[in-house]
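The sequence and structure come first, and the description follows.

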Amino acid sequence: MKKYLSSFYNISEEILEEYISHWSEYSVPRKSIITECDRTEHYLYFVKDGIQKSYYLNEGKQHFMFFAYAPSFSGIVESFLTQTPSKYYLETITDSTFLRIPYAKHAQLIKEHRELETLFRIITEQFLMGIIERHHQLMAFNTETRFKKFTKRSPHLINMVSQKDIASYLRIDPTNYSKLINTVKI
């Protein structure tokens with residue numbers, strides 16, 4: 001985790017050690033819902049192992065927001081940052097191990113240390129850039145281009161996540177996804 005955080009912004013070793021010391025390990029079996037819709041996200045998670053998915057339900061159908069896997073943050077970020085009920089679900093696809101920190105401790109440390117505030121501003125900016133890029137891809141690219149970009153960015157998920165889930169994430173009909181996986185060179 002230290003290496004991951006330091007890749008965004010160089011923060012003093014002492015402050016980083018203090019911050020990391022407040023994270024605790026948390027393990028969840030596969031197919032477990034960590035955060036439910038209409039519940040507030042009380043933790044920020046750092047994925048050590050496993051894959052999770054975030055989705056919302058519309059007329060009983062899952063619509064995917066993101067997949068999370070090591071090393072990265074996970075959780076329903078909007079709910080965590082605003083301490084308001086989530087509009088989404090967070091569920092494990094595989095057995096997952098995290099480090100997690102409660103909102104109150106995270107907020108306290110951010111308030112006490114300007115370096116942490118800067119670090120998380122930069123991380124938030126990167127997260128926003130990723131969301132804008134995803135939005136751009138969904139709006140501007142055809143299904144084959146979206147599929148190719150996904151396989152380049154996250155090739156390991158092809159064999160670890162169901163085709164139906166990946167198709168939903170890419171906004172591709174499952175039948176067309178099946179054709180793409182059989183015809184497009186990865």
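Phe8 is placed in the loop between α1 (2-6) and α2 (13-20). Helices (H or I, at least four residues) and strands (E, at least two) are DSSP runs, numbered from the N terminus. The model is a predicted one, in which local features need pLDDT of at least 70 and side-chain atom pairs count only at pLDDT 80 or more, while totals for chains, interfaces and linings use all residues. Residue numbers start from 1 along each chain as its sequence is written, and side-chain values use heavy atoms, with hydrogens and water left out.

Phe8 counts as partly exposed because its relative accessibility is 24%; buried means under 20% relative accessible area, exposed over 50%, and partly exposed in between (1.4 Å probe, protein chains only). Not counting residues up to four places away in sequence, Phe8 touches Leu119, Ile122, Ile123 and Gln126, where contact means heavy atoms within 4.5 Å.

## Aromatic pairs

Rings of Phe, Tyr and Trp (its six-membered ring) pair if their centres lie within 6.5 Å; planes under 30 degrees apart count as stacked, over 60 as edge-to-face and the rest as tilted. By this rule there are 20 aromatic pairs. The Phe46 and Phe73 rings have centres 5.8 Å apart and planes at 75°, so this pair is edge-to-face. It links distant parts of the chain: Phe46 belongs to strand β3 (residues 43-49) and Phe73 to strand β6 (residues 72-74), 27 residues apart. Phe46 and Phe73 are both buried.

Phe80 and Tyr103 form another edge-to-face pair, at 5.3 Å centre to centre and 80° between the planes. This pair also links distant parts of the chain, with Phe80 in helix α3 (residues 77-82) and Tyr103 in helix α4 (residues 103-112), 23 residues apart. Phe80 is buried, at 2% relative accessibility, whereas Tyr103 is partly exposed, with a relative accessible area of 27%. Ring pairs also connect Phe8 into a cluster with Tyr4, Tyr19, Trp23, Phe46, Phe73 and Phe120.

## Arg100 over two rings

Which rings have Arg100 over their face? Arg100 lies over the face of Tyr26, at 3.8 Å from the ring centre, and over the face of Tyr43, at 3.7 Å from the ring centre. A charge sits over a ring if NZ of Lys or CZ of Arg is within 6 Å of the ring centre and within 35 degrees of the ring normal.

## The sheet with β3 and β8

Two strands pair if DSSP finds at least two bridges between them. β3 and strand β8 (residues 96-102) pair in the antiparallel sense over six bridges, and Val47 has Phe98 as its bridge partner in β8. Axes are lines fitted to C-alpha atoms, for helices over the stretch in contact, and angles run from 0 to 180 degrees between N-to-C directions.

## The sheet with β7

Another open sheet has four strands in the order β2-β7-β4-β5, and the pairing is antiparallel. The edge strands are β2 and β5 (61-69), each pairing on one side only. Neighbouring strands here are turned by 35° against each other on average, direction ignored.

Strand β2 (residues 33-35) runs antiparallel to β7 and is joined to it by two bridges; Glu91 in β7 is the bridge partner of Ile33. Strand β4 (residues 51-58) pairs with β7 over four bridges in the antiparallel sense. In β7, Leu90 is the bridge partner of Ser54, and Tyr89 is that of Tyr55. Strand β7 (residues 89-92) is covered on both faces: Tyr89 and Glu91 on one side, and Leu90 and Thr92 on the other, are all buried.

## Ser168

Ser168 lies in helix α7 (residues 163-170). Ser168 is buried, with a relative accessible area of 14%. Leaving aside neighbours within four places in sequence, Ser168 is in contact with Gln62, His63 and Phe64.
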